[in-house]
Amino acid sequence: MIKKRSIPYILIIPLVVSFALFMFYPLYKVFENSFYEASFLNPFMRQFVGFENYKWLFNFKLFNPKWSYFMTALGRSLLWVGISVFLKIILGLGGSLLLNSKYLSGSKIYRTLVVVPWAIPWAMGAMMWAWTLNSQFGIVNSFLLKLNIINSPISFFSTPLTAFLSTIFVDVWAGLPFVIIMLLSGLQNISESLYEAATIDGAGDFVKFFKITLPILKPVVLTVSLLSLVWTFNSFDIIWILTRGGPLNSTETLPVAIYNVSFLMTRFGGIGKASAMTIAQVLLVTFISLIYIKILGKGAES
Amino acid sequence: MRKVLVVLMVLVLAVVLFSNEKVLRVLMPIGGGYTIEDQEVIAKEFEKENPGVKIEMEFVGWGELWNKIITSIGAGAAPDVMYIGSRWIPALAEMGAIIPLDEYVSPEKRALYYDTVWDTVTYNGKIWGIVRAMSTKVFIYNKKLFEENNVKVPTTWDELLEAAKKIYNPNEGIYGIAMAGKKFVSTVTQFQQYLYANDGRIVDENGEVVINNENGVEALNFYVELSKYAQPGILEWKREDLIKLFETGKVGMYIDHVHNALKAIEKGVDVGFFLIPGGPSSTKPYSTVIVTDSIAISSQCKEKELAIKFMEYMTSFEKQAEWDLKLGFVPPMIKEKELPEFQKWYWKPYIEVIKYGYPEAVNIKDWEGVQEVVLEAIHSVLLGVADAQSALDQAARIIEILQK
């Protein structure tokens, strides 16, 4: 006879086992590999090299003479993720407030529509945008030309700056629905009576937003932005399909660089070095997340 | 009930243990005209002719083929027979991942193909694959735009540039030439067309890196010069997508496969062909890059005899001709050109140019790495970050390390 107290533990076993199998084991393998010299091009050679791969992160320079390959990709990644997450949260907040508004008729239709980008597989969404933003066939250029905003079509993916911004734009498009929906559910939990009380006290819309909506929504914003940060950091497919990290490596973020080091620049890199890059990324994202929770978490308590 | 189950299990076990069905794992690509159905037909036919043999085909998209191959080799689970881009042969041979096939290639088999076809699968003096698909490329041009602008078919680079200039009319959305610049393998091949046409090479016959010699610099400068009369922002285009632009009838010319030319004809474009003219430093009047895909056998394969048999079956004259006709590939076997389909006017230039061709990746030890480096050089010159000489010097410096 199984004691009642042990039932929860038994029920949780499948989760723990699958978590260990599919999360910890691969992560452990990556961690282990990061101390070895190993490459797909030389599958039978595996040599322990200690911290050499981590030193390589800061020493190996490829196209950029000033910064190491890893640091260049890292810097680019931080900028890319920073802008993308910031836009997702700001636009997400605006979008969810709009959808929550009493004055918006047909909000149910919009709520359904807003999920669409999320429901489309990312790879397909990226393909769609590649053609939407195309300089010859894209509807965006067509509109801009018709409205006389531009004289000649813009090739969004052909210069480093526009490619960088365009990939962010597409990433924001793909990630926005999640943010909007989560924030919307947070908004709907705010009791109407709070606003009524504030109205009686003579508070305006801005005061209501900053004194009622935002403080109550803070935990949701915190969670959503954290998740969004982690996901955006790992974003690979959108960039890979749109630009493959080009032109001139301008969109080569850390995940793209890790892929390149594992599969394309194998002679310079290999799995060992790619693993070291991955571990560095994991540590960095964990570190940023912890700081984030600490700072914003405190704010939420007060 | 339980008894029945036990009996069943014993039966299944017996069948598994005592059946001497031989299984051959074959890795095949999908996409770019390759369908699962077409390829499974070959497996089924082979199984029918060879009872007791099971062909297990695994399919993976072209974009993931390289990763799939090297990861499965690393994991010790490589497919027995692999369909590969011949440009990967040096790397795979160096890895010890595939076996040399010289002893299995009979003199008759050898004589079936053009010499240059064998060059694409030869590394260190040995044959590592049997060619399954081949492509050459020539210029496809819009006859109407040529006539309207009074342009003759170019036979030199000067004439080529002149033609592009004359047709170029961006206000009307008409471009002299369509070009590729996206970070993608076909962009490297597009550049190689000009590089080879100018007697340049990435790596020469002796394995020396020569991409930054005069011929190479001249070719890259010409590529950039020509791009001024191409559609704007060529860096967002890969060669595979250029047909969409050409089909609209707003592009003078571009370099591509025959099957894309046929697509344009279907859309009503009056299409003509001309061979890629040799550059100012060239000794030959014309040029093309010979690209092949081949079938290789993994060194982890335990059923070598069977693998060889299947490979020979797939690449027999009949099967090869059937395949080329179905997919619209340039015939790698000399005799194939006598087939009625290959007599058609649009096939002629593609077959004629074979004799001027040079393989895409001969002597290049690490294609994937070289590809990244060459793309970096092309991008930096197209974006005006570096001049052709310094960009190619930098590329050569890195390729030299990759060649070690």
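The contact takes 29 residues from chain B and 27 residues from chain A. This is a predicted model: local features need pLDDT of at least 70, side-chain atom pairs count only at pLDDT 80 or more, and totals for chains, interfaces and linings use all residues. Residues are numbered from 1 along each chain as written, and chains are lettered from A and ligands numbered from 1 in the order written.

Student: What makes two residues count as in contact?

Tutor: Their C-beta atoms, placed from the backbone, lie within 7 Å.

Student: Which helix of chain B gives the most to the side that touches chain A?

Tutor: Helix 16 of chain B, with seven residues. Helices are DSSP runs of H or I, at least four residues, numbered from the N terminus.

Student: Why are helix 9 and helix 16 of chain B called roughly perpendicular?

Tutor: Helix 9 (residues 185–197) of chain B packs on helix 16 of chain B at about 65°. Angles of 65 to 115 degrees count as roughly perpendicular. So helix 9 of chain B is roughly perpendicular to helix 16 of chain B. Their axes are 9 Å apart. Axes are lines fitted to C-alpha atoms over the stretch in contact, and angles run from 0 to 180 degrees between N-to-C directions.

Student: How do you know that the buried residues of helix 13 of chain B lie on the same side?

Tutor: B:Ala307, B:Phe310, B:Met311 and B:Met314 are buried (20 or more other C-beta atoms within 10 Å of the residue's own, these atoms being placed from the backbone). They cover an arc of only 100° around the axis, so they sit on the same side of helix 13 of chain B. The arc is that of the directions from the helix axis to the C-beta atoms.

Terms used: Helix = DSSP H or I, 4+ residues; strand = E, 2+ residues; numbered from the N terminus. Parallel < 35°, antiparallel > 145°, perpendicular 65-115°, else oblique. Buried ≥ 20, exposed ≤ 12 C-beta atoms within 10 Å, placed from the backbone.
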